[in-house]
Amino acid sequence: MDKLSQLNQEQYIDLYYGDASHFSLVPNVPYAWQAEGEPILLPAIRGKSVSVFGLMNTLGNLVFDIFETTINSEKMIVFLTNLLRI
């Protein structure tokens, strides 16, 4: 990583950091503290879910896309190809 940071500082490459997240109305609580015999109940509302993938460079420039389906390799290839056109 140090080498990539150095190449970025020398403006030889554009270094981006990426992350993805998924949002849904269906709660997902794998565990919680509760009193014995008192289950925790969360209301679930079925609806659309979205996934977001974004990249940010060291200058704070952000590029992202929102997907209404699972992010797969095909979608990532299109996203990165479009990024190269910017």
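Reader: Which residues make the nonpolar surface patch of about 410 Å²?

Author: Met56, Leu62, Phe64 and Ile66 make that patch. Patches are built from residues with over 30% relative accessible area and no salt bridge, with nonpolar side chains (Val, Leu, Ile, Met, Phe, Trp, Tyr) joined within 5 Å and like charges within 9 Å. The areas come from the Shrake-Rupley method with a 1.4 Å probe, and for residues only the protein chains shown count as cover.

Reader: And what am I looking at, where do the numbers come from?

Author: This is a predicted model, where local features need pLDDT of at least 70 and side-chain atom pairs count only at pLDDT 80 or more, while totals for chains, interfaces and linings use all residues. Residues are numbered from 1 along each chain as its sequence is written, and side-chain values use heavy atoms, with hydrogens and water left out.

Reader: Back to the patch. Which element gives the most to it?

Author: E3 does, with three residues. Met56 lies in strand E2. Helices (H or I, at least four residues) and strands (E, at least two) are DSSP runs, numbered from the N terminus.

Reader: Is Met56 buried, exposed or partly exposed, and why?

Author: Met56 counts as partly exposed because its relative accessibility is 40%. The cut-offs are under 20% relative accessible area for buried and over 50% for exposed, with partly exposed in between (1.4 Å probe, protein chains only).

Reader: OK, overall fold. What's the pattern along the sequence?

Author: It reads α-β-β-β-α, with two helices and three strands in the protein.

Reader: Compact globule or more spread out?

Author: More spread out, because the radius of gyration is 19 Å, well over the 12 Å that the globule rule gives for 86 residues. That radius is taken over C-alpha atoms, and the rule is 2.2 Å times the number of residues to the power 0.38. The C-alpha trace spans about 60 × 30 × 20 Å along its principal axes.

Reader: How much of it is buried, then?

Author: Of the 86 residues, 15% count as buried. The accessible surface comes to about 7600 Å², and 57% of that belongs to carbon and sulfur atoms.

Reader: What makes up the largest nonpolar core?

Author: Seven residues: Phe53, Leu55, Val63, Phe67, Met76, Phe79 and Leu83. E2, E3 and H2 are the elements that give two or more residues to this core, and H2 gives the most, with three. A nonpolar core here is a set of buried Ala, Val, Leu, Ile, Met, Phe, Trp, Tyr and Cys residues joined through side-chain atoms within 4.5 Å.

Reader: Tell me about Leu83. What does it touch?

Author: Leu55 and Val63, not counting residues up to four places away in sequence. Contact means heavy atoms within 4.5 Å. Leu83 lies in helix H2 and is buried, with a relative accessible area of 17%. Its C-alpha is 24 Å from that of Asp2, 81 residues apart along the chain.

Reader: And what does Phe53 touch?

Author: Leaving out residues up to four places away in sequence, the contacts of Phe53 include Asp19, Ala20, Val63, Phe67, Met76 and Phe79.

Reader: What about Val52, where is that?

Author: Val52 is in strand E2, and it is partly exposed, with a relative accessible area of 23%. The C-alpha atoms of Val52 and Phe64 are separated by 7.0 Å, and the two are twelve residues apart along the chain.

Reader: Switching to charges. How many salt bridges by your rule?

Author: One. The rule asks for a side-chain nitrogen of Lys or Arg within 4 Å of a carboxyl oxygen of Asp or Glu. Glu68 pairs with Lys48, their closest N and O atoms being 3.8 Å apart. The pair links distant parts of the chain, 20 residues apart: Glu68 is in the loop between strand E3 (62–67) and helix H2 (73–85), and Lys48 in the loop between strand E1 (16–23) and strand E2 (50–57).

Reader: Are those two buried or exposed?

Author: Both Glu68 and Lys48 are exposed.

Reader: Last one: which residue has a positive phi although it isn't a glycine?

Author: Gln11, at about 60°. Most residues other than glycine have a negative phi. Gln11 lies in the loop between helix H1 (2–9) and E1, and counts as exposed at 73% relative accessibility.
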